[in-house]
Amino acid sequence: MRIGAHVDPGDPLAEAHARGAEVVQFFLADPQGWKDPAPRADADQIKASDVQVFIHAPYVVNVATTNNRIRIPSRKLLLSHANAAATVGASGLIVHGGHMLKDDDLATGFENWRKTFAYAAEQGGFATPVLIENTASGDKACARRFDALARLWDAVGEFGVGFCLDTCHAHAGGEDLIDIVDRVMAITGRIDLIHANGSRDGFDSGRDRHDNLQSGMIDPKLVVAAIRASGAPAVVETPGGAEGQSGDIAYLRSELTD
């Protein structure tokens with residue numbers, strides 16, 4: 001099982017080396033912006049390296065919403081990032097499950113997700129596999145509670161979409177980490193990536209605040225168990241820069257090789 005970290009996009013291979021990471025995840029553009037990714041001078045180098053790469057889509061992307069000013073640009077931006085992710089050889093493009101407005105019906109959000117994949121198919125398809133990530137908060141979230149996730153997968157599963165399981169988001173979102181892989185697999189049939197994160201807040205808090213694995217509110221053994229059960233690569237999105245993340249990576253390696 002490959003272990004790595006979310007890193008600064010400036011020089012992801014150097015960041016991987018600094019952490020002893022076998023996997024890196026990074027943004028290709030401002031995570032709070034709507035600009036398409038610019039070509040990277042080091043794209044060929046990253047693609048040719050032994051480091052496995054995942055790209056995270058900008059946080060602003062919300063293809064589920066009924067707000068046309070968000071939903072339509074989100075579809076286009078997701079497609080643009082999938083194309084750019086392919087240039088660095090990314091194994092997947094992670095995108096949050098999205099949410100609806102207060103008075104909206106979640107069913108509309110699931111249908112909007114389906115339309116997103118239909119839209120992409122009309123443009124030749126996503127150049128990089130899309131991995132939907134579970135989220136931590138929101139009563140009208142499409143991928144916080146697993147009953148909603150099951151309805152989402154009913155809408156998009158036929159398109160071969162992947163899944164990214166975030167342990168902090170599950171904990172904060174009210175989904176117990178005990179046997180979580182079995183419950184996810186029963187819905188999606190796959191887990192392509194684990195975001196191995198601790199949480200600064202309690203169960204079902206709805207607060208997305210990551211912590212290092214051995215100092216948060218999540219039993220780190222449950223994170224290890226999820227990685228082991230899934231067999232998927234894992235990325236820590238934890239604080240402390242190279243030092244903090246190196247400690248988390250070393251902890252996971254030690255536990256997973258016991």
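Biologist: How do I read R19 in this model, as buried or exposed?
Modeller: Buried means under 20% relative accessible area. R19 has 9%, so R19 counts as buried. Keep in mind that this is a predicted model.

Biologist: And which residue forms a salt bridge with R19?
Modeller: That's E15, with the closest N and O atoms 2.6 Å apart. Both residues sit in helix α1 (residues 12-19), four residues apart, about one turn of the helix. E15 is partly exposed, at 23% relative accessibility.

Biologist: How many salt bridges turn up in the whole structure?
Modeller: Eleven. One of them joins R144 and D204, whose closest N and O atoms are 2.9 Å apart. R144 lies in the loop between β5 and α5, and D204 in the loop between β8 and β9, so this pair ties together parts that are 60 residues apart in sequence. R145 belongs to the picture too: R144, R145 and D204 form a network of salt bridges.

Biologist: What about D166, where is the nearest side chain of opposite charge?
Modeller: It's R144, 12 Å away. D166 is buried but has no salt bridge. What D166 does have is a polar contact of 3.5 Å between its side chain and that of H195. D166 also touches other residues, including E133, N134 and H210.

Biologist: Which strand holds D166, and how do the strands of a sheet pair?
Modeller: In general, strands pair through backbone hydrogen bonds, either parallel or antiparallel. D166 is in strand β6 (residues 162-166). Here eight strands close into a barrel, in the order β1-β2-β3-β4-β5-β6-β7-β10, with parallel pairing. From one strand to the next, the twist averages 30 degrees.

Conventions. Residues numbered from 1 in each chain as written. Predicted model: local features only at pLDDT ≥ 70, side-chain atom pairs only at ≥ 80, totals over all residues. Heavy atoms only, no water. Helix = DSSP H or I, 4+ residues; strand = E, 2+ residues; numbered from the N terminus. Buried < 20%, exposed > 50% of the residue type's maximum accessible area, 1.4 Å probe, protein only. Lys, Arg positive; Asp, Glu negative; His and termini not counted. Salt bridge = Lys/Arg side-chain N within 4 Å of Asp/Glu carboxyl O. Polar contact = N/O pair within 3.5 Å; in protein donor to acceptor, adjacent residues only side chain to side chain. Contact = heavy atoms within 4.5 Å. Pairing = 2+ DSSP bridges. Axes fitted to C-alpha atoms, helices over the stretch in contact; angles between N-to-C directions. Lists of a residue's contacts leave out its neighbours within four places in sequence.
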